[in-house]
Amino acid sequence: MTTATYSSHAHEHERSAHGIGYWLTMALAVVLLAFGLAIFAGGVWLISLGGSYYYAIAGVGLLLTAYFLFRASMAAFSVYLVTWLGTLAWAFWEVGFDWWAQLPRLLAPTIVLLLVAATIPVLKRAEND
Amino acid sequence: MASRHLATLTLALGLGCVSAVPAALAQQTSSDPAPADPAAGQSTLPPVPADGDGERPAVAPGAAPGAANEGGAETAGIGTDRSQPQATQAVGDDWPYYGGGPKAQRYSPLDQINTGNVGNLERAFVYRTGDMPSERAKGKYAWEGTPLKVGRSLYMCSAENILISVDATTGKENWRYDPKVSDDAIPYSASCRGVAYYVNPQAGDDAACKTRIIEGTLDARLIAVDAKTGEPCEDFGDNGAVSLWDGIGNKVPGWYAVTAPPAIVRGVIVTGAQVKDGEAEDAPSGVIRGYDAVTGKLAWAWDLANPELTGEPADGQTYTRGTPNMWTAPVGDEKLGLVYLPLGNSSVDYYGGNRSDAENEWATSLVALDVTTGKPAWHFQTVHYDLWDYDLGSQLTLVDFPTDKGKVPAVILPSKQGDLYILDRRTGESLFPVKSVDAPKGGVEPENLSPTQPTSAYHTLRKKRLTEKDMWGATPLDQLWCRIEFRRANYDGFFTPPSADKPWIQYPGYNGGSDWGSVSVDPKNGILIANYNDIPNYNRLIARKKADEMGLKPINERAKEDNGSIPAKAEGAGDPQAGAPYAIDVNAGWRSSLTGMPCTEPPYGGIRAIDLATGETLWDEPLGEALRNGPFGIASRLPLTIGTPNNGGPLTTAGGLVFVAAATDDLIRAIDVKTGEVVWQDQLPAGGQATPMTYEVDGRQYLAISAGGHHFMETPVGDYLVVYALPQNAN
């Protein structure tokens, strides 16, 4: 997908490119934007209190993912995969195999990974346009 | 007490197999080995015979005691002679005391139900007391009852103190006596943990009230009824009742209430009362009183701040107000003539600047009182200058403690901080070193804080200090919020003092460690069983001006109508502490303001087996499944052992089993005492926040647990006594 097609929403490609998958992708982008903002802002606050750097960094990952999802760019998946892998590494560094402790660290991020992965067909189609 | 709301969502994602939480090992406090705490274990007891104190032979109800009764010089009226031990009843076929036998070990020698056949247990009967909360009392019920069993009858009190006897094999009601307790007498909870059984050694076998059932009520009366008929004992007080309000001051219903069974030692009924926490410094006295078990006459009073006053105060006077009280169950030693009183804190809990020296001397201490005189023999303080509501809540357990020099008569003293102390019950001296650790400084009254605090070198149930990574949640977002709360609070570990500028973290919280459920001892195998909580509280002092703006008023200034309509809340969640410069706000269990889930990761409770002789951990498992917990109060229905908050004690039997409910999953379970493995469980019809008991009739062993629920544990309220046995033809 090019900037040109992105900015030409209203034209003839709209019907094929902006089906239900596209709008679900945009919805996911909105959700990740909201969570990304909250986690980034809270993460900065936590750093200012002397706490973990993870959340601010993960917040950036979420915001970038949201940005690329808005652009319907495959970079969204790559960026989030990196964020998720970083999360995985951090989570095991913090608590190892304590699965109850992993619940807040890995469950939601893994759901997000699956959701972002599910947008790949939409992103591919958009890139091919 | 504390709370829960655990949580889990795991459903869809197969986030890997959720393994059992690794057994946490006993964490030893890592301070320098310090000399014994100087303020602990002071002894003023004259020497007493040091021979063994094995379970005295059982005396059937009605049998004459070995002791001579001619004396009685000290005793008013026809009261009993307190100079000699009276007969005790053995635990076995019967369960004659709240804690089982006279030693309150919560242990039964019965073994018909054992590790081999426990899986076959089925319900023998379910009895319902009929005592369910009225509209007005909704959200304030927490029955917590454990019945007694003597002969062929069970004896119990319902949540609002209805005395009941049922046939122990069928649940058919023999009699009931309703003392008509009003809903406005409910303090924190409508609880009646149990009753006491007493045999009048002076009465003829057929005399009325030869055997009697005695309880303390929420509206602060002692009630005595005939165990055979349920008729009030005419010889006891005013037609079977004695008012405990005498000498306490203005009668404010709900402020002064009895929720635990009294101890009866040498014919003296010993009771304290719950003084509702957090109301005002000028609160009802914590006076301990002894009453003649036959006549109901006041035998003595012990007012710790006015030791000269041993009778009733003069007209218009009261026992010293605001002093540390005893709300839990005492236990006695007939032979030594001592009664062991686990005292709570002064009124109020979270500010101490106005406390007297006497309060500071006795608060949160175990006190051994001589029942013949009402004078203290020794005491052992578990917290100096308690600012954390670390009341001693567990009934003491008497043991013949194995040492190099033979068996020593000892008591096991559990505490809310998680420390278990083993004390020589004759002298109060600890059999293991009592360490003195440096306490955190700061808070609103740094000049008053104790620089050191005691901990036990024998064993502690307390886990290591919290760190930011122990914060929990359902998602990274709420976990992040909890991390922010953690970093914003004052927290310098165990005993962080109360603060007003910022919240502070109290860990363990006021639910323990060990609370009223206490511990159990298997004397045969030398194993101590303790279930415990592992939950912090997130607290903050509120300056008086702000508290006034919030409209926080003590119970005596609130309109009576308000008291009825104010919904029950967690203890301390906005308590006025009138008279102190600060009110208090407690977030019990430190629940996230976003989701209602705890801010710290599970487990929130566990059960541990400890080698009695050495204090070493044998096994340690989380207690309770996640069934009923989840974010936003939604039950997850996950049958995964997460370790929930729990309230209620364990029962250990010679069948190699520990029976325990207590957790928030409404299950009663049997655990193999050797391995910690759950070998049987059953779903109760309501919350099992009570200690189970067992007994035998006609060669058949029964297991009984009350399912009364608990408002604060957020379990369903009920009025059930659920009784199990093995199928009859299978034995």
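This is a predicted model: local features need pLDDT of at least 70, side-chain atom pairs count only at pLDDT 80 or more; totals for chains, interfaces and linings use all residues.
Let's begin inside the protein. The largest nonpolar core has 184 residues, and B:Ile214, B:Leu369 and B:Ile412 touch the most other members. Leaving aside residues up to four places away in sequence, B:Ile412 touches B:Leu396, B:Thr397, B:Val399, B:Leu420, B:Ile422, B:Val519, B:Val521 and B:Leu528. Another core, of 52 residues, lies apart from it; A:Leu62, A:Val112, B:Leu480 and B:Trp504 are among its members.

Next, the meeting of the two chains. Here 29 residues of chain A are in contact with 27 residues of chain B. On the chain A side, the elements giving two or more residues are helix H3 (20–48), helix H4 (54–70), helix H5 (75–95) and helix H6 (99–118). H6(A) gives the most, with 13 residues. By class, this side of chain A has 19 nonpolar, 7 polar and 3 charged residues.

| Feature | Where | Angle |
|---|---|---|
| cis peptide bond | B:Gly512 to B:Gly513 | omega near 10° |
| cis peptide bond | B:Pro602 to B:Pro603 | omega near 5° |
| positive phi, not a glycine | B:Glu144 | phi about 65° |
| positive phi, not a glycine | B:Trp590 | phi near 45° |

B:Gly513 sits in the loop between strand E28 (504–506) and strand E29 (519–522). B:Pro603 belongs to the loop between strand E33 (582–587) and strand E34 (605–611), and B:Trp590 is also placed in the loop between E33 and E34. B:Trp590 counts as buried because it has 29 C-beta neighbours inside 10 Å. B:Glu144, in the loop between strand E3 (122–128) and strand E4 (148–150), is buried too, with 26 other C-beta atoms within 10 Å.

Key
Residues are numbered from 1 along each chain as its sequence is written. Chains are lettered from A and ligands numbered from 1 in the order in which they are written. A nonpolar core is a set of buried Ala, Val, Leu, Ile, Met, Phe, Trp, Tyr and Cys residues joined through C-beta atoms within 7 Å. A residue is buried if 20 or more other C-beta atoms lie within 10 Å of its own, exposed if 12 or fewer, and partly exposed in between; C-beta atoms are placed from the backbone. Two residues are in contact if their C-beta atoms, placed from the backbone, lie within 7 Å. Helices (H or I, at least four residues) and strands (E, at least two) are DSSP runs, numbered from the N terminus. Ala, Val, Leu, Ile, Met, Phe, Trp, Tyr, Cys and Pro count as nonpolar, Asp, Glu, Lys and Arg as charged, and the others, Gly among them, as polar.
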